[in-house]
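Please keep the sequence and the 3D view at hand.

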Amino acid sequence: MARVPPTPLPVEVPFRDVSLTPQELVRYSRHIGLSDVGEDGQRQLKRASVLIVGAGGLGSPAALYLAAAGVGRIGIADFDTVDLTNLQRQVLHDTDRVGQRKTDSARARLGAINPLVRVETIDEELSAANALDIIAAYDVVIDGTDNFRTRYLTNDACVLLGRPNVYGSVLRFEGQASVFATSDGPCYRCLFPEPPPPGLVPSCAEGGVLGVLPGLVGTIQATEGIKLLLGVGEPLIGRLLLVDALTMQFRTVRLRKDPSCPACGTHEIHELIDYDQFCGIGGDPEQDPHGIPEITPTELAAKQRRRDDFDLIDVREPYELDIARIPDVQLIPLGSLPDALPTLDNTRETVVICRTGARSGRAVRQLQAAGFRRVWNLAGGIHRWADEVDPSLPKY
């Protein structure tokens with residue numbers, strides 16, 4: 001069978017005369033033995049740079065394999081700290097690093113894997129103010145984010161700068177991967193022109209995620225990044241890879257560049273926008289008629305101290321109640337709420353809580369639709385309660 005010629009490199013990696021040391025020749029010998037890589041390809045990787053946005057479940061395996069492969073400069077952008085709940089899937093970090101900045105943890109781990117690569121850390125949130133400057137310094141971007149705001153921001157910055165955006169996402173047992181923002185392929189907005197309404201799609205913290213799944217998808221992202229840098233194979237440009245871990249099935253869907261896409265089609269987006277507003281984040285519920293009425297943890301604690309007469313409903317799952325509990329709650333998991341509605345009194349004042357306020361916000365909507373007029377969402381959920389009322393409660 002005739003060999004398919006490699007795809008031309010979509011990335012213009014700046015040429016530098018980078019030779020390989022005897023130690024590197026040994027370290028990367030299994031790469032160099034590949035006809036599609038060889039010494040020239042390994043030097044290409046050494047000259048190259050990759051930015052990983054998010055040092056979490058997806059960014060962890062991507063960073064590990066890019067460092068092991070000898071990508072010369074790796075940027076890690078993350079402003080979070082290592083949490084115990086991360087360790088089920090974020091293999092870049094370990095138990096001893098809980099409480100440390102993820103960027104510090106990542107630098108130490110990658111340095112241990114391959115001290116010959118340069119690891120740069122960006123200890124700030126990617127924003128409209130800094131994204132272009134940060135992304136412009138790298139050849140390829142790995143999108144390891146877990147929220148729509150940063151995904152659209154990363155996409156638009158990559159389109160404006162002409163940087164390939166290696167996308168991945170996971171939830172529960174399913175994952176996706178693709179390559180966006182190349183000159184001849186679609187971008188993230190071609191697939192998802194508008195973000196879903198806030199709270200409609202659960203986060204991994206709310207919906208859960210099989211721990212090995214981000215490892216699988218993140219490794220695919222690292223593979224795509226290396227292929228782009230080497231100019232070999234057929235990257236996932238114009239294709240969306242769908243992964244179902246339960247059935248272990250992989251399916252590929254064709255994607256087309258949308259000529260009406262404001263980012264890569266009509267180019268209406270010529271600068272970064274307010275992504276909080278675009279994704280419907282924030283806003284004043286008192287000024288927004290569609291806002292969800294909220295009560296703060298300190299206000300709720302005061303109501304409990306006064307022994308006010310109200311119902312307190314927790315819409316988390318039973319195992320979450322075992323981790324952290326507010327006194328005097330009635331557990332009704334969000335999925336069971338429709339069946340429980342006939343047992344509740346819609347004339348009573350009701351406060352709904354969850355982990356961070358997202359699920360309870362959806363529950364408040366359901367209760368309002370069922371005729372509840374005195375219903376409140378605990379702002380920030382049990383995490384904010386731990387910050388402001390009971391620091392002994394664990395966050396998860």
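## One helical turn

Glutamate 39 and arginine 43 sit four residues apart in helix α3 (residues 38–47), so about one helical turn separates them. The two form a salt bridge in this predicted model. Their closest N and O atoms are 3.5 Å apart. Glutamate 39 is partly exposed, at 40% relative accessible area. Arginine 43 is partly exposed too, with a value of 21%.

## Links between separate parts

Glutamate 125 pairs with arginine 149 in a salt bridge, with 3.3 Å between the closest N and O atoms. Glutamate 125 lies in the loop between β3 (118–122) and α6 (131–135), and arginine 149 in helix α7 (residues 148–161), so the pair ties together parts 24 residues apart in sequence. Arginine 149 is buried, at 14% relative accessibility. Glutamate 125 is partly exposed, at 37%.

Aspartate 311 forms a salt bridge with arginine 348, the closest N and O atoms being 3.0 Å apart. The aspartate is in strand β10 (residues 311–314) and the arginine in the loop between α14 (337–340) and β12 (350–353), so this pair ties together parts 37 residues apart in sequence. Aspartate 311 is partly exposed, at 21% relative accessibility. Arginine 348 is partly exposed, at 23%.

## Network and total

A network of salt bridges links Lys303, Arg306, Asp308, Glu349 and Arg374. The count of salt bridges comes to 23.

## Confidence

The chain has a mean pLDDT of 91, with 92% of its residues at 70 or more. Residues 1–10 fall below 50 and have 18 contacts beyond near neighbours in sequence. Residues 283–290 stay under 50, with three contacts beyond four places in sequence.

Definitions and conventions:
Residues numbered from 1 in each chain as written. Predicted model: local features only at pLDDT ≥ 70, side-chain atom pairs only at ≥ 80, totals over all residues. Heavy atoms only, no water. pLDDT = per-residue confidence, 0-100. Contact = heavy atoms within 4.5 Å. Salt bridge = Lys/Arg side-chain N within 4 Å of Asp/Glu carboxyl O. Helix = DSSP H or I, 4+ residues; strand = E, 2+ residues; numbered from the N terminus. Buried < 20%, exposed > 50% of the residue type's maximum accessible area, 1.4 Å probe, protein only.
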